[in-house]
Amino acid sequence: MSKKTSTNNKLTELRADIDAVDTQLLELISERARLAQAVAHVKNSDGSGNGFYRPEREAQILRRVMADNGGPLPQEEMARLFREIMSACLALEQPLKIAYLGPEGTFTQLAALKHFGHSVHTETLGSIDQVFREVEAGACHYGVVPIENSIEGVVNHTLDMLIDSPLKISGEVELRIHHHLLGNAADRAQVKRVYSHQQSLAQCRRWLDENLLDAERVAVSSNAEAARRVAAEPDSAAIAGEAAAEIYELGYLARNIEDHPDNTTRFLVIGRHSTPPSGDDKTSLLVSGPNRSGLLFDLIKPLAGNGINMTRLESRPSRQGLWDYVFFIDILGHAEDPAVASAMRDLGEKAGVLKLLGSYPRAVL
Ligand SMILES: O=C(O)C(=O)C[C@]1(C(=O)O)C=C[C@@H](O)C=C1
């Protein structure tokens, strides 16, 4: 037998094995989908009105997949596959409608799909307020908004919306952000103007100073909007991500131009329901009180006293005049954990206002 024939035989054999595995996978995935339909039946009859999507259960499934995965596929890859299977199963139970801060091609869209998988309907909205309103009105099941960037800090508009909104945080999404210089210019030297969201311009400041010092920097409402404009302006460039490059068919004039390569943005998932504990959760609180010396210390003390780990603290000037400052505090644990519940009781006594913004699973992917 020639070497070529023997290679061909081996390939045929291996492909027959793959076909056999695919047949099993197909049957198993269908069986899983039928079980999800049965779960939907049970949920329909319990009348709790809590919806079909269960973030805590999804987080547990993804964590188990990652813990049990023995390779050769990497953990994240395996979890991503299961993410999509669950997304498809949930769509059989109830097709979810997700509002996000658009336009199409923004990092928020990527975050929404990373969190919910691709079997959801998405509604692209023009502002963070609109995302909150659509979810509050019940027109969308959940919303996804940016909250915190590892370089520029917090997205104040989202914090301000959380102060008054009745919505609950039901999840967080972390996304590694890469910025590219996109456009239709033949090369970088022809670029006279660079459009992007102001945070992205700031995140690439050093690169722009070194490589495009003379180009005018123009802040626009989003990176996708920057890409849209550049599609019609050959002497301009946009700083945006891959999705925008694809949608607006722009070329890459430079890749990964962010000043800090570990640039991560955090997004919040907001909805109308509270989320039960998943076993590894975060809780976001809003605390406020009349300004006096030692206020912040008094607010932090109950956390330390109950052995609670604080992961984030932001302060915003209050818009109501009654209180001078509003503090946003993220802690590890769920509001139903005894230590967190006890810390919240102590905090409530010290603060004028204590609002539970939500307890939700820590980002898995
Ligand atoms: O366990 C459930 O409650 C389900 O509806 C099943 C399932 C799944 O596919 O595993 C689907 C959607 C939920 O968000 C969580 C899990």
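1. Where is the place of glutamate 249? Glutamate 249 sits in the loop between α10 (242-247) and β10 (251-254), helices being DSSP runs of H or I with at least four residues and strands runs of E with at least two, numbered from the N terminus. Its phi is positive, about 50°, although glutamate 249 is not a glycine. Glutamate 249 counts as exposed because it has 10 C-beta neighbours inside 10 Å; with C-beta atoms placed from the backbone, a residue is exposed if 12 or fewer other C-beta atoms lie within 10 Å of its own, buried if 20 or more do, and partly exposed in between.

2. On provenance, this is a predicted model, in which local features need pLDDT of at least 70 and side-chain atom pairs count only at pLDDT 80 or more, while totals for chains, interfaces and linings use all residues. Residues are numbered from 1 along each chain as its sequence is written.

3. Two further backbone features deserve a look. Asparagine 256, in the loop between β10 and β11 (264-271), also has a positive phi, near 45°, in a residue other than glycine, and it is partly exposed, with 13 other C-beta atoms within 10 Å. The peptide bond from glycine 71 to proline 72 is cis, with omega near 5°, and proline 72 belongs to the loop between α2 and α3.

4. The domain assignment, which is automatic or taken from a database, gives domain 1 (3-93), domain 2 (96-177 + 263-273), domain 3 (180-258) and domain 4 (274-365). Between the C-alpha centres of domain 3 and domain 4 the distance is 39 Å.

5. The shell around the ligand includes Phe52, Tyr53, Arg54, Arg57, Met86 and Glu93. The elements that give two or more residues to this shell are α1 (3-46), α2 (55-68) and α3 (75-93), and the largest share, four residues, comes from α3. By class the shell has eight nonpolar, no polar and four charged residues, where Ala, Val, Leu, Ile, Met, Phe, Trp, Tyr, Cys and Pro count as nonpolar, Asp, Glu, Lys and Arg as charged, and the others, Gly among them, as polar.

Methods:
A residue is near a molecule or strand if its C-beta atom, placed from the backbone, lies within 6 Å of it.
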